[in-house]
Amino acid sequence: MSSVPRLVIAAPSSGSGKTTVATGLMAAFAARGLAVSPHKVGPDFIDPGYHALATGRVGRNLDAYLCGPELVAPLFLHGARGCDLAVVEGVMGLYDGAAGQGELASTAHVAKLLRAPVVLVVDASSQSRSVAALVHGFASWDPEVRVGGVILNKVGSDRHEALLREALDASGVPVLGVLRRVPQVATPSRHLGLVPVAERRAAAVDAVGAMAAQVSAGCDLDALMVLARSAGALPGAAWDPVAASPARHPARPAGGRGPVVAVAGGQAFTFSYAEHAELLAAAGAEVVTFDPLRDEELPEGTAGLVIGGGFPEVYAAELSANEPLRKAVAGLALSGAPVAAECAGLLYLCRELDGRPMCGVLDAGARMGERLTLGYRDAVAVGDSVLAVAGTRTRGHEFHRTVVEPGAGAAPAWGLTTPVRRVEGFVQQGVHASYLHTHWAAGPGVARRFVERCRTS
């Protein structure tokens, strides 16, 4: 049993201020000397970067669709191990889950799985007494969801605050914070959401500091901590990457090396789940990060390559200009070494991206499109690959505004079954390239299979 104090920060809808409040709370409590564990409901890669900046710890996702409800609490406990407090930022509105799947993967669902109290962030800018009806509705909709307090955001004046507090007095839900209507904290966005921390670190540090100051001034941190400590104990053990993906080979001797798995990072490739690298290491790999924008060679001894998501379309010119690395990646793929490319990695392996030469591993072209592709997917492996055997079922998430033509190779990576049946991605030699983001904790054999292929290729 574990009783890590914890809060889930939710809202009636997107745009209410969840990220500002959650990140500000993380930073404010960290400034008090607490070890704060940051979490994000859903598949989002960008918010956890700001959470990590606020806490000095890796931001982790809790996704009941990608990983299954049974893994939410173990993954939470893994991330929160040794911490004084955990803050979980929700996704969309409190009760919004996977399309057509009821509560699955909603913030409310995760809050119940974590036995955690919910703090509701309400945009009060255009209401007064109606706020009580709104809060009452959210607090009473599901009796298993405990809304333990409300933070009022975008409050205009002392008079406005008084009206809101008066209305909420009879709701039974305490007001734990009031944030005044101020110019937005500098967190610029573009076609897929906030600009990642890696692309604007100095400005992001300032933004997180501003969030912390705003939240510290407007919220009752002591009352929030009391609420966090009221969370019910969680049964079961923390997720363990070693237990989930044990190496098939004996532990390497002191000073010895397992197969080197190069993982793309830097400003162009910022989308990855922390558990992927942990699983690779647990399976016996030596994980080395490199930056395709700056490094002209792959890490010494690279036996396998993982290229996750990010924004190569923003850095197409710089990626293209790094011809030595493009050739090195192409050479590695041609040798039959395992290469796992996901979304941004898929684009990087194409012949070209928006007319600029890329690695040329895949006989396909990529370009920016006009439509955002977004949503959960159910998928099945069409054939054997470095990640899965034919017939393996998984769940993933698509999140891109680019188009790859053709969308699938002669040997596709996945057959998607929702929302529309189609094949997608490429499998050739040791390459597995796809738009689909998956969470390897849901199928830890993926990392072990990949590392074994690194040993034998």
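Mentor: Buried means under 20% relative accessible area, exposed means over 50%, and partly exposed lies in between, with a 1.4 Å probe and protein chains only. Strands are DSSP runs of E of at least two residues, helices are runs of H or I of at least four, and both are numbered from the N terminus. The model is predicted, so local features need pLDDT of at least 70 and side-chain atom pairs count only at pLDDT 80 or more, while totals for chains, interfaces and linings use all residues. Residues are numbered from 1 along each chain as its sequence is written, and side-chain values use heavy atoms, with hydrogens and water left out.

The part to look at is strand β10. Five of the five residues of β10 are buried, and the strand is mostly covered. In a regular strand the side chains alternate between the two faces of the sheet. In β10, Val260, Ala262 and Ala264 point one way, whereas Val261 and Val263 point the other way, and all are buried.

Next come the neighbours of β10 in the sheet. Two strands pair if DSSP finds at least two bridges between them. β10 runs parallel to β11, with five bridges joining the two. β10 also pairs with β12 in the parallel sense, over four bridges. Ala262 has a bridge partner in each: Val288 in β11 and Leu305 in β12.

A pocket is an open set of points on a 1 Å grid over the protein atoms alone, where a 1.4 Å probe fits, with protein on both sides within 12 Å along at least five of seven lines; lining residues have an atom within 4 Å of a point. The second largest pocket holds about 930 Å³ of space, a volume being the space filled by probe spheres set on grid points joined across faces, edges and corners. Among the elements that give two or more residues to its lining are β10 (260–264), α10 (274–282), β11 (286–290) and β12 (302–307). The lining of the second largest pocket has 43 residues, and Phe269, Thr270, Phe271, Ser272 and Tyr273 lie nearest the centre. By class, 26 lining residues are nonpolar, 14 polar and three charged. Here Ala, Val, Leu, Ile, Met, Phe, Trp, Tyr, Cys and Pro count as nonpolar, Asp, Glu, Lys and Arg as charged, and the others, Gly among them, as polar.
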